[in-house]
Amino acid sequence: MQVPDKFLYTKEHEWVSINGRTATIGITDYAQGHLGDITFVDVPKAGAVVTQFKRCATVESVKAASDVYAPVSGKVAKANAELAPHPEYVNQSPYEKGYFAVIEMSDEKETANLMKAAEYKKYVEGLT
Amino acid sequence: MDNPSDLKLTPLTDEHKRLGAKLAPFGGWLMPIQYEGIIAEHNWTRKEASVFDICHMGEFVIRGNADKTLFNRIVTFDLNKIPEKACRYGFILNDAGGVIDDLIVYRIAPEEWMIVTNAATIGGDEANFRKHLAKGTDFRNISAATGKLDLQGPKSLEVMKKVAGQGVAGLGYYTFGHFNVLGERVIISRTGYTGELGYEIYISSAKVVELWRLLLSAARVKPAGLGARDTLRLEMCYPLYGQDMTARTTPFEAGLGRFVDMGKDFVGREALVKGRSDEKLICFKALSRRSPRHNYRIISGGKDIGVVTSGSFSPSLLCGIGMGYAAADCPAGTNITLKENEVEIPAVVTDKPFYKGGTAKIPEGVNAGS
C-alpha cells in the first residue's frame with residue numbers, strides 16, 4: 001500500500017497535497033483497494049465551496065456508493081474532468097492521474113487536523 | 001480479514017486466502033467476493049471460463065414416487081414431467097403464494113431426486129420439506145457432504161471434456177449426467193447463473209479442493225467470486241432470492257410465471273389464483289455510469305411507483321443497471337428516475353436480459369429444461 005510521505009491524510013482515507021495555498025485532493029491507495037473497481041466518480045465542480053470533513057464528492061464501485069469528504073476547506077479551482085470517462089484512474093493511480101480536484105484553501109491552519117504519512121500508515125494498520 | 005466464528009466455511013477457504021481473495025459474509029457463510037477484481041472476473045467469464053466456489057448452497061435428496069411422497073405438492077412445476085437426467089427450475093411457496101425459495105430439481109432416476117437450494121435458506125427449506133412430505137419419506141440433507149463448483153464461460157466445455165471426458169459434450173441445456181472425476185462418480189449439469197455456457201459439478205466435499213485445483217490448472221480458467229457472480233446474473237436479469245424475490249413476493253410478480261404450472265396442485269396455488277397484485281419486477285438501464293442500488297425509489301412522472309431490489313454497474317454495458325418492483329405499468333422505453341436523498345439517476349425501462357450475447361444455450365443440444 002502506497003502512502004506518499006509529503007501528503008496529509010484523513011481518517012476517511014482522503015489525501016491532500018499542499019503547495020502554498022493550493023491543495024490537490026483525492027482518495028488513498030488503501031481506499032481504492034478497499035472499494036475495488038471504481039465505476040463512477042462525482043467530483044466537486046469548479047467554483048464550488050467545500051468545507052473540511054464535509055461531503056464533497058461521491059465515488060462508486062461495483063458494489064457500493066461511498067461519500068468522499070473534503071480534507072480542507074476552500075473553493076474548487078479545478079475538478080479532474082478525466083475521471084468522468086476514466087474512473088479507473090482512481091484505482092490505477094490514486095495519487096496522480098486519479099486526483100479529484102484542486103482547491104484554493106481558505107484556512108491553512110486546518111492542516112493541523114490532518115494526519116502525517118507515518119501516522120496514517122499506523123492508523124490503517126490498526127484497521128485490518 | 002476478520003473471520004467471526006459464527007460464519008460457516010467452505011472446504012475451499014484456505015485456497016481462497018492463498019489466492020488473495022477478499023472474503024466477506026454471505027448468507028451465513030464466509031465467501032470469496034473477488035480475487036483479481038469484479039470487473040476483470042466478470043469479463044473473463046464472458047470470454048473464457050471461470051470457476052466459482054458454490055459449496056455454500058444446499059443439496060437434498062428424496063427417494064420415492066413424486067406423488068406418493070407428496071413432493072410434487074411442494075414445488076410449482078410437475079415433477080412427473082421432468083425427463084430422467086434433466087433439471088428443472090422453480091419455486092417452493094408459502095400458503096400466501098410467497099416464495100420460500102427458488103430451486104432446481106434433478107431427476108436422477110424415475111424415483112430419485114436431488115434438490116439444489118440457496119445457502120441462507122437451507123434450514124427453512126429442510127423444515128418445510130419435513131412438514132409437507134409424507135411421513136416416512138426417504139429425505140436427506142446432503143449439503144455438508146456435497147461440494148459444488150460452477151465452471152462458467154464459453155470455454156468451459158473444452159475444460160470439462162478434459163476433466164470428465166468427451167461425454168460432457170452431449171449434455172444439453174438443463175440436463176445432467178454422472179461422470180467419473182478424480183475417481184468419484186459426480187453429477188455434472190449444464191446449468192449456471194451467469195448466462196454463459198457452463199456446468200455445475202457436485203462432488204464430495206472431501207474431493208472438492210482437488211477438483212478446484214484441477215480446474216484452475218487449465219490455462220483458460222481463473223477463479224471468480226460472488227461479486228462477479230452477482231453482476232453476471234444481474235446482466236441476465238436472473239433474480240436473487242432474498243433480494244429480488246422474497247416470502248412477500250409471488251413468482252408472477254417476479255415475472256417468473258412460466259416456472260409455475262397452474263394446472264397442478266401445490267402449496268400456495270390457491271393464493272395465486274385469488275390475488276394477483278399489480279406489482280411487477282421491471283428491469284432498467286441508467287443513462288450514465290451511475291448505479292442504482294438496493295432500496296432506491298423508482299420515480300415515474302413525478303410519482304413514487306416502487307423500489308429497486310438489485311442494482312450494479314454493468315461491466316458489459318458500461319452503465320448502471322438494476323431491477324425492482326413497480327406498481328404502475330412500465331413498458332420498455334418508459335423513462336424513470338432512481339432516487340435516494342439527493343442522488344437522482346435517470347434511467348429507462350428495458351427488456352430482459354440486459355446482456356444479449358450469453359452462450360448458455362449454445363450449442364443447443366437437447367433442451368429438456370426450462
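Let us start with A:P4, which is found in the segment before β1 (8-9) of chain A; strands here are DSSP runs of E with at least two residues, helices are DSSP runs of H or I with at least four residues, and both are numbered from the N terminus. Before going further, please keep in mind that this is a predicted model, in which local features need pLDDT of at least 70 and side-chain atom pairs count only at pLDDT 80 or more, while totals for chains, interfaces and linings use all residues. Residues are numbered from 1 along each chain as its sequence is written, and chains are lettered from A and ligands numbered from 1 in the order in which they are written.

Leaving out residues up to four places away in sequence, A:P4 touches A:Y95 and A:A117, where contact requires that the two C-beta atoms, placed from the backbone, lie within 7 Å. From A:P4 to A:W15, which is 11 residues away in sequence, the C-alpha to C-alpha distance is 9.3 Å.

A second residue in chain A is A:A79, which has its place in strand β8 (residues 74-79). A:A79 is buried, because 22 other C-beta atoms lie within 10 Å, and, again not counting residues up to four places away in sequence, A:A79 touches A:V43, A:P44, A:K45, A:A46 and A:A101.

How many residues does each chain bring to the contact between chain A and chain B? Chain A gives 9 residues and chain B gives 12 residues. On the side of chain A that touches chain B, there are 4 nonpolar, 2 polar and 3 charged residues; here Ala, Val, Leu, Ile, Met, Phe, Trp, Tyr, Cys and Pro count as nonpolar, Asp, Glu, Lys and Arg as charged, and the others, Gly among them, as polar.

Turning to chain B, we find 7 helices and 19 strands, and of its 370 residues 50% count as buried. Chain B is divided into domain 1 (13-57 + 144-235), domain 2 (58-141) and domain 3 (278-350), with bounds that come from an automatic or database domain assignment. The centres of domain 2 and domain 3 of chain B, taken over C-alpha atoms, are separated by 34 Å.

Now look at strand β12 (residues 198-204) of chain B, which is largely enclosed by the rest of the structure because 6 of its 7 residues are buried. Strand β9 (residues 146-152) of chain B runs antiparallel to β12(B) and is joined to it by 7 bridges, and two strands pair if DSSP finds at least two bridges between them. In this pairing, B:G147 stands opposite B:I203. Strand β11 (residues 184-189) of chain B is also antiparallel to β12(B), with 3 bridges, and there B:I187 stands opposite B:Y202.

Finally, B:L149 is in contact with residues including B:V51, B:I201, B:W212 and B:L215, leaving aside its neighbours within four places in sequence.

Terms used. Buried ≥ 20, exposed ≤ 12 C-beta atoms within 10 Å, placed from the backbone.
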